[in-house]
Structure formats: structure tokens, C-alpha cells
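Please keep the sequence and the 3D view open while reading.

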Amino acid sequence: MTQISSPSILWKCQSFEELSHVELYKILQLRNEVFVVEQNCPYQDCDEKDFNSFHLSGWLDTNILAYSRLIPFGISYPDAASIGRIVTSPTARKQELGKILMQNSLEKMNQLFGEIPIKIGAQTYLKKFYESFSFFSVGENYAYLEDGIPHMTMELKR
């Protein structure tokens, strides 16, 4: 995998308890801006998984540009850990920040949990993006609707 760097972005990986009130607010604000407002998908974002997860975020000064939730084994999937809520700020798109975020997410997952199975619930239009990180579609009828948006389960090839 090619190393992509962005020296101006500060990357933080924190447990829920380590997040400041401001960091948590800005993370939830970004998730709502993209997943609820931009994608026009009203759903319950706060789902209790945040408490047991690690939160990887990329910051430029006080602005959050990218985020993912690193979920331990057995919480989202009984047989795998997971990466979820993968999002980049609309203000930072077209800069390959999504690639940097995914690369950092996978590296942090390995540091936190070792080389255990990782599954994701990917929006289907991002299939090729996740395949570029060695994820593959799981199951014959892998497409499903989640909150009205086509998704698929993908697993990291190890």
C-alpha cells in the first residue's frame, strides 16, 4: 500500500472517555452533516457503539476534516471487529483524504486489536474504494438497504 501523508493534519485516536466535549460535539456534527443532512437520511446516529469504540479523527487547527469509528471485535459483527462512520468533511473532499483516513484506520485497528478479522457495512457506490484496501464483498446476495441507502458487507482480506 502506498504511504500517503498529510503533515498539516493532526490525527488523534481516542477512546470515548478521552474525547473532550468539544471534540465529541464536532465529531457528531460532522457525522450528522454528512450522513443525515447531505445524504438526506434521517436515522439514529448515536447507537451506543460509541462508548466502546475508538475514535480516529483528523484535524486542521480546530476543524475536523475526517473521522472513523474503530469498533472492537463482537460489537457490530459477532465474528469480527469493524470500522464505521467513515466520513470526510465536504470542505476537504477531492484531496485523497478518504484514502489517508482508511489507511490510518487500518493501521490503528492493527495496533489496537492485532490482525483480527475486520468487516464493514459499506455503501455500495464505494465498493471499488474499499476493494483498493483489500476488502471484498461477503455473501451471494450482499446488497441490503440500511436507512434507505444500498449497503454491502465487506471483509478485509488477510
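The model is predicted. The protein chain holds 3 helices and 8 strands. Read from the N terminus, its elements follow the order β-α-β-β-β-α-β-α-β-β-β. The radius of gyration is 15 Å, close to the 15 Å that the globule rule gives for 158 residues, so the chain is as compact as a globular protein of that length.

**Whole chain**
- The C-alpha trace spans about 45 × 35 × 30 Å along its principal axes.
- Of the 158 residues, 41% count as buried.
- Among contacts with a separation of 6 or more, 62% are between residues 24 or more positions apart.
- The accessible surface is about 8700 Å², and carbon and sulfur atoms account for 53% of it.

**Helix α1: length and bend**
- Helix α1 takes in residues 21-38, which is 18 residues.
- At 1.5 Å a residue, α1 should span 26 Å, and this agrees with the 24 Å between its end C-alpha atoms.
- A kink of about 30° in α1 is centred on N32.
- N40 follows α1 and has a positive phi, near 50°.

**Helix α1: buried side and its cover**
- The buried residues of α1 are E23, I27, L28, L30, R31, V34 and F35.
- The cover over these buried residues includes strands β1 (10-15), β2 (54-60), β3 (63-71) and β4 (81-88).

Technical notes:
Residues numbered from 1 in each chain as written. Predicted model: local features only at pLDDT ≥ 70, side-chain atom pairs only at ≥ 80, totals over all residues. Heavy atoms only, no water. Helix = DSSP H or I, 4+ residues; strand = E, 2+ residues; numbered from the N terminus. Expected span 1.5 Å × (residues − 1). Bend = angle between axes of the 7 residues up to and from the residue. Buried < 20%, exposed > 50% of the residue type's maximum accessible area, 1.4 Å probe, protein only. Contact = heavy atoms within 4.5 Å. Rg over C-alpha atoms; globule rule 2.2 N^0.38 Å. Areas by Shrake-Rupley, 256 points an atom, 1.4 Å probe, with all protein chains shown as cover.
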